[in-house]
Amino acid sequence: MARAPELYLGTCSPIEHPDQSSLCCLPAHHLLTHTVVVGMTGSGKSGLLTVMVEEALSSHVPVLMIDIKGDLPNLLLGFPGFDAKSIEPWVEPTPGDDCDPETLAVQAASERETALRAWGIREQHLRDYNQHTEIRVITPGSNAGEPLHVLSALERPASDWEKDPTSARASLAAAVSLVLRLLGRDPDPARSKEHVLLSVLAEERGKRGEPSRLEDLLADVTKPPIETVGALPIDRFVSKRDRAELAAALNALLASPSFATWREGVALDVGSWLTPRNGRTPGVIVSVAHLDDEERALVLGVVLEEVVTWLRHQGGSKRLRALVVFDEVYGYLPPHPANPPTKRPLVTLMKQARAYGVGIVVATQNPMDLDYRALSNAGLWCVGRLQTDADRARVVEGLALNNGHEGTTTAQLSELTKSLAPRWFVLRDVHAAEPTRLLQPRWAMSFLHGPMTPEDIRRARAKPLRR
Amino acid sequence: MKPNEVSNAQSTVNPNLAAQEPATPPADVESNPNLFHLAFKRVEAEIKAVPTEQLVPINFDPRGVVATILGAYPEIIALRSQLNTLPFDISIVDKLKDYALALGHAHARCMQAVEAGSELAELGSEGSAIRDRLQADAQGLAKRGIMNPKLLDKFRNGNGYKNIAFDVVGLAEAFLDVWDKLGGKTLVTREELEHAREVGNRLIEQLGLREQGPAEKDQASIVRQQAYVLCAHAYDEVRQAVAYIRRHEQDAEQIAPSLFAGRGGRPAVEPETPEVNPATGATGSTSSSGSNPTTGAPVTPSTTTPAAGSSVAAGLPGSPAFIRP
């Protein structure tokens, strides 16, 4: 029987003896019960996430990543060697620094080599990782990365209406919300009559196996193929005049060149994204760092609903089949009563993904803003340094909800997280014999340049790293 | 640009000016501090029109910025005729001095707002001592029927700065009301009463400032940032224009020195890293080993015991797990 894959995260040590460390090789299936990474800015969350992703990819587990602030595209910088030349375009002198870029690159390369070697990673490992993985960055509404046809879920013929109407309806609602947001109208499915109208019209088309292209919906809005919405005649539900206004707005949107970027590029097809190509395990980053807050929530709502739809088409599995990583989940999984478009699919994923062999990893620096009921299934917690009493109390409360562990550990955890050094975490793994340990993540193989701008992403994609 | 203009301009430049660090403000500024306020008023509308999204953290001492610009200004304005030949808004040159003075004013206002309420402790302590002295004298006078004992009861040892302030002012007024009747029957002097009144009033004023301070401080801080952005941007524009017209002489930096000048670079930090064993790639002795799931190749990260107070760089095996206070 093949040995279950293990993720080499770094070293672990008993809390009382941080000096007595041993390798931390986490069985991949421990991630199936979902992972929460919390810690203040500078605690090393992004580094730990990068290491987790690198290890999952190395274990041939495809990873879908949601990137809010631009850190995850650093995975594009997984250079296959230690040479300074590759790093040179990515080092930036600090204002006032006298060093030329070449010298800085030599220093950075030397630091990287020393650190990776100290963690037992040689050039051969870097080459293997580089050759067996494929990192893609998808940037909805921008061509810095691969543009995304965000409305492809709406516009392609759907076959899900018979098999899985719930998921199909959720995907549709998310896409319609995005359209209404782009029109500058109320995107709330619960409040907006226009949302209801467009959804009903699109659903009618979907049930007939027809696509709901915006052009088709525009025609349907003008001349509705239905007579009633709910119990009301359609003209009473949304008057002819209001429908004409909506149609005009849809037409203006269709004609707008800036809207074209939302309708071109790769199709929103999670299944194909996560399918290995040419023997390479895919790591797909959906980066929305360039969008405003509302656009991010709506686009991610559409993407995550699609993940749920894909998930439900998978068979059950007890091994880690894929990993979904959400960095900086702050604001997207808030406690009741806040309900952004991302919350429903995230809660669904946290509840159901395990059965399908999909692990969810969420990370945040703001633990006050998490729905801990949704996280009650998380079996793996990595808690970095937390500065405020309120943050510590909230995390400890979340852990107690999760594990109901003994009070002494709770108090101890609160105290520990106050004084942790950067790049150290308290690791709580409910599957481990010794659930609570200290984790020092290894150095990431990818060069951590810092948050990447659209221009950085463009540059990184323009220069393939492969040898 | 005509060559002779360059040559004329050259003769007006003092090449030694750049050596002054920081530049000394001109004499007119030192002799008339009101110039700052007047300049602020002249460009106040422009300052407040700087959008908040353009504000940047102030990473220089504003006083240094003001001094540098005012010090450079005479040499810059001497080049006005040549600068005017460039496709460049010459009014920036004309207003540069006002921008710098206005920044000085905005900085002073900000510092004033920050300092607001800082005298409280000192005034409170002085007010308390005055109250004790006046009460002691007033009690004797009340027993002699010169002062109203019921009135004095109102000024008895309430806690807090507000009580001290009103007690002191009240006692001083009570003494002054009967001053003509006292006829030298007290050790309290008229000057002492005037001083008590002043201390009480200043204490009340400082209390008000403390209460209003945060809002005022925020506002003053924003105005200072706006003034800084306006001034630094204008100076930057002027420097670029000067750099162009003085490109052959290469003395632009001396005429309009960089605001960065003299700040120095970040000191180079040598990361302390453990010695690497070239054979194993590991640092120090190895207490644990395993295999890298990436490739199955052996992995031997260093898991050495960090010495107390160890300075192994963060992120390397064995760096300290906890921040010691």
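Student: Where in chain A is E328(A) found?

Tutor: In this predicted model, E328(A) belongs to the loop between β11 and α15 of chain A.

Student: Why does E328(A) count as buried?

Tutor: Let's count. E328(A) has 22 C-beta neighbours inside 10 Å. The cut-off for buried is 20 or more, so E328(A) counts as buried.

Student: And what about H60(A): which class does it fall in, and why?

Tutor: H60(A) has 15 C-beta neighbours inside 10 Å. Buried takes 20 or more and exposed takes 12 or fewer, so H60(A) lands in between and counts as partly exposed. You'll find H60(A) in the loop between α1 (45-58) and β4 (63-67) of chain A.

Student: What is the phi of H60(A), and what is the phi of E328(A)?

Tutor: Phi is near 65° for H60(A), which is not a glycine. For E328(A), also not a glycine, phi is near 55°. Both values are positive. Most residues other than glycine have a negative phi, so these two are worth a look.

Student: Which residues does the cis peptide bond join?

Tutor: H336(A) and P337(A), with omega at about 10°. P337(A) is found in the loop between β11 (322-326) and α15 (343-352) of chain A. Most peptide bonds are trans.

Student: How do you know that the length of α3(A) agrees with what a helix of its residue count should span?

Tutor: Helix α3 covers residues 101-118 of chain A, which is 18 residues. The expected span is 1.5 Å times one less than the number of residues, so α3(A) should span 26 Å. Its end C-alpha atoms are 25 Å apart, and that agrees.

Student: Which residues of α3(A) are buried, and what do they pack against?

Tutor: Among them are A105(A), A109(A), R112(A) and L116(A). The buried residues of α3(A) pack against α2 (84-87) of chain A. Just after α3(A) comes G120(A), with a positive phi of about 80°.

Student: Why is strand β1(A) called mostly covered?

Tutor: Strand β1 of chain A takes in residues 6-13, and eight of its eight residues are buried. To be buried, a residue needs 20 or more other C-beta atoms within 10 Å, so each of those eight reaches that count.

Student: What makes β1(A) and β2(A) a pair?

Tutor: Two strands pair if there are at least two bridges between them. Six bridges join β1(A) to β2 (residues 22-27), so the pair qualifies. They run antiparallel, with L7(A) opposite L26(A) in β2(A).

Student: How many bridges does β1(A) make with β15(A)?

Tutor: Four, in the antiparallel sense, with β15 covering residues 436-441 of chain A. C12(A) has L439(A) in β15(A) as its bridge partner. β15(A) also pairs with β14 (residues 425-429), again antiparallel and over four bridges. There, L427(A) is partnered by R437(A).

Student: In what order do the strands of the open sheet run?

Tutor: Eleven strands of chain A line up as β2-β1-β15-β14-β13-β3-β12-β11-β4-β10-β5, and the pairing is mixed.

Student: Why are β2 and β5 of chain A called edge strands?

Tutor: Each of β2 and β5 (133-138) pairs on one side only. From one strand to the next, the twist averages 25°.

Student: What is the make-up of each chain?

Tutor: Chain A comes to 18 helices and 15 strands, while chain B has twelve helices and two strands. Buried residues make up 51% of the 467 in chain A. In chain B, 33% of the 325 residues count as buried.

Notes:
Residues are numbered from 1 along each chain as its sequence is written. Chains are lettered from A and ligands numbered from 1 in the order in which they are written. This is a predicted model: local features need pLDDT of at least 70, side-chain atom pairs count only at pLDDT 80 or more; totals for chains, interfaces and linings use all residues. Two residues are in contact if their C-beta atoms, placed from the backbone, lie within 7 Å. Axes are lines fitted to C-alpha atoms, for helices over the stretch in contact, and angles run from 0 to 180 degrees between N-to-C directions.
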